[in-house]
Amino acid sequence: MKRVRFRDSAGNVRGGRWTVEDGEPVVTAAAGPYGRIAFGDESYDPDEVDILPPCEPTKVVCIGRNYADHADEMAEELPDRPMLFLKAPNAIASHGNTLTLPSGKERIDHEAELGVVIGEQCKNVSESGAMDVVAGYTCVNDISNRDDQNREQNWVRGKAFDNACPIGPLVATPEHVPEDATIECRVNGETRQSSSRDHLIFSIPELIAEITEYMTLEPGDVIATGTPEGVGPLADGDTVEIEIEGVGTLEHSVKIP
């Protein structure tokens, strides 16, 4: 199943199912969204509604350097355990929006990532039981303000500013997303990042076990599993597409004052 949150023309927030005839939702910046969104007995064209973030996380737990090629391009060593940092709810942004990013920065980068959406409150989860707490997967752009990230240790300014974590457009249950699902980022139609889920250094069960040793995860929380090589700067007016096989495409544009 593929779930989407949206606001209808009357201003009501709804949760529905997004499908096309073959059961695969398609959302692209070039063609726009198509298919139908079903809510009860009602059906909507995606263009008729406002697509909202597909979940409402209390936190986003992000993983640093979880692809060897990204660690190499950043001239950093591979970690011996998952590198964890947080983004707060203020950073969440949705599909289809124009996101205002911090002004006066030399470099703000895109980072395409597979997001794991947690389905139930959990603590001290074993690797063997980790997938039992996963509601599904979504697309994440871990937008990064390198100017401030490189000046601090806790990365609050670099990673947790407003609009720093667009997610969506939906949550796809695990059976829809292959173990080797492709992950791509395009900026203005040009491919910047292209990799696959099977290149993760630390697997999703390993990440869930490690994170829940230290903190309780709540329903709707998101784990951003790390980005592959090809991260690069964004400019005012750019359009970004994050596409994950089996999920769809998260699309947004950016405004940099």
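This report walks through some strands, cysteines and core residues of one predicted model.

Residues are numbered from 1 along each chain as its sequence is written, and side-chain values use heavy atoms, with hydrogens and water left out. Since this is a predicted model, local features need pLDDT of at least 70 and side-chain atom pairs count only at pLDDT 80 or more, while totals for chains, interfaces and linings use all residues.

Let's start with β16, which covers residues 165-172. Strands here are DSSP runs (E, at least two residues), as are helices (H or I, at least four), and they are numbered from the N terminus. Is β16 buried or exposed? Of its 8 residues, 8 are buried, so β16 is largely enclosed by the rest of the structure. Buried means under 20% relative accessible area, exposed means over 50%, and partly exposed is in between (1.4 Å probe, protein chains only).

Strands of a sheet pair through backbone hydrogen bonds, either parallel or antiparallel. Here, two strands pair if DSSP finds at least two bridges between them.

| Partner strand | Sense | Bridges with β16 |
|---|---|---|
| β1 (residues 2-7) | antiparallel | 2 bridges |
| β10 (residues 92-93) | parallel | 2 bridges |
| β14 (residues 134-141) | antiparallel | 3 bridges |

R3 has V171 of β16 as its bridge partner, A93 has P166, and C139 stands opposite G168.

**Strand β13, covered on both faces**

Next up is β13, residues 112-118, where 7 of the 7 residues are buried, so β13 is largely enclosed by the rest of the structure too. On one side sit A112, L114, V116 and I118, on the other E113, G115 and V117, and all of them are buried. β13 pairs with β14 in the antiparallel sense over 7 bridges, with V117 opposite G136. β13 also pairs with β19 (residues 222-224), again antiparallel, over 3 bridges. In that pairing, V116 has I223 as its bridge partner.

**The nonpolar core**

I223 turns up again in the largest nonpolar core, which has 65 residues. Such a core is a set of buried Ala, Val, Leu, Ile, Met, Phe, Trp, Tyr and Cys residues joined through side-chain atoms within 4.5 Å. The members that touch the most others are I37, L101, Y137, I208, I223 and V247. Which residues is I223 in contact with, leaving aside neighbours within four places in sequence? Among them are V61, I63, L114, V116, L207 and L217; contact means heavy atoms within 4.5 Å. In soluble globular proteins, nonpolar side chains tend to be buried together.

How many disulfides does a search of the whole structure find? The count is 0, where a disulfide is a pair of cysteine sulfur atoms within 2.5 Å. For C55, the closest cysteine sulfur is in C165, 9.1 Å away, which is too far for a bond. C185 has its closest cysteine sulfur in C139, at 11 Å, also too far. Both cysteines count as buried: C55 has 8% relative accessibility and C185 has 0%.

Finally, look at M74 in the loop between α1 (68-73) and β9 (83-87). M74 is partly exposed, at 33% relative accessible area. Apart from residues up to four places away in sequence, M74 touches R146 and V231.
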